[in-house]
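Student: Hey, can you walk me through this one? I'd like the layout, then a few individual residues.

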Amino acid sequence: MTDSSAALSADEFASLAEIGKGKAQGEIPQAHGERLTNLGYAIRRLGELELTSSGARRLATGE
């Protein structure tokens, strides 16, 4: 479940943006991937992180 009020650090938001670009798994700290997944902003499919619709909206808001 996504908590829309969950604050992301600047580094976590940068990781969210990298996930949005695709093929960035090696560049994202594991802790960021886990947190973004737990918040509902990303999902792991076949070992790769992908944005969820919530993650895409969060990225689009720039917050």
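Student: Okay, in what order do the elements run from the N terminus on?
Tutor: They go α-α-β-β-α. That gives the protein three helices and two strands. Keep in mind that this is a predicted model.

Student: Noted. What share of the residues is buried?
Tutor: Buried residues are 33% of the 63 residues in the protein.

Student: Which residues make up the largest nonpolar core?
Tutor: There are 11 of them: Ala6, Leu8, Phe13, Leu16, Ile19, Ile28, Leu36, Leu39, Tyr41, Ala42 and Leu49. Helix H1 gives the most to this core, with three residues.

Student: Let's stay with H1 then. How does H1 pack with H3?
Tutor: H1 covers residues 10-21 and H3 covers residues 53-61, and the two pack at an angle of about 120°. Their axes are 10 Å apart, and the crossing is left-handed.

Student: Which residues make that contact?
Tutor: From H1 you have Phe13, Leu16, Ala17 and Gly20, and from H3 you have Gly55, Arg58 and Leu59. By type, the contact residues of H1 and H3 divide into four nonpolar, two polar and one charged.

Student: I've also got my eye on serine 15. Where is serine 15 placed?
Tutor: Serine 15 is in helix H1.

Student: Buried or exposed, that serine 15?
Tutor: Buried: the relative accessible area of serine 15 is 5%, and the cut-off for buried is under 20%. Leaving out neighbours within four places in sequence, serine 15 contacts Ile28, Pro29, His32 and Leu36.

Student: Leu36 was in the core list too. What about leucine 8, where is that?
Tutor: Leucine 8 is in the segment before H1.

Student: Why does leucine 8 count as buried?
Tutor: Because its relative accessible area is 16%, and buried means under 20%.

Student: What does leucine 8 touch?
Tutor: Setting aside neighbours within four places in sequence, leucine 8 is in contact with Phe13, Leu16, Arg35, Leu36, Leu39, Tyr41 and Arg58. Leucine 8 and leucine 36 are 28 residues apart along the chain, and their C-alpha atoms are separated by 9.0 Å.

Student: Now alanine 7. Is alanine 7 buried or exposed?
Tutor: Alanine 7 counts as exposed, at 59% relative accessibility. Alanine 7 is found in the segment before H1.

Student: So what does alanine 7 touch?
Tutor: Not counting residues up to four places away in sequence, alanine 7 touches Glu12, Arg35 and Arg58.

Student: What share of the protein's contacts joins residues at least 24 apart?
Tutor: That share is 51%, among contacts between residues at least 6 apart in sequence.

Student: Switching topic: where does leucine 46 sit?
Tutor: Leucine 46 is in the loop between strand E1 (42-45) and strand E2 (48-51).

Student: And what's phi for leucine 46?
Tutor: Phi of leucine 46 is near 50°, a positive value in a residue other than glycine.

Student: Last one: why is leucine 46 called exposed?
Tutor: Because leucine 46 has 89% relative accessibility, and exposed means over 50%.

Terms used: Residues numbered from 1 in each chain as written. Predicted model: local features only at pLDDT ≥ 70, side-chain atom pairs only at ≥ 80, totals over all residues. Heavy atoms only, no water. Axes fitted to C-alpha atoms, helices over the stretch in contact; angles between N-to-C directions. Helix = DSSP H or I, 4+ residues; strand = E, 2+ residues; numbered from the N terminus. Left-handed = near helix turned anticlockwise from the far one by under 90°. Contact = heavy atoms within 4.5 Å. Nonpolar A, V, L, I, M, F, W, Y, C, P; charged D, E, K, R; others polar. Buried < 20%, exposed > 50% of the residue type's maximum accessible area, 1.4 Å probe, protein only. Core = buried A, V, L, I, M, F, W, Y, C linked by side-chain atoms within 4.5 Å.
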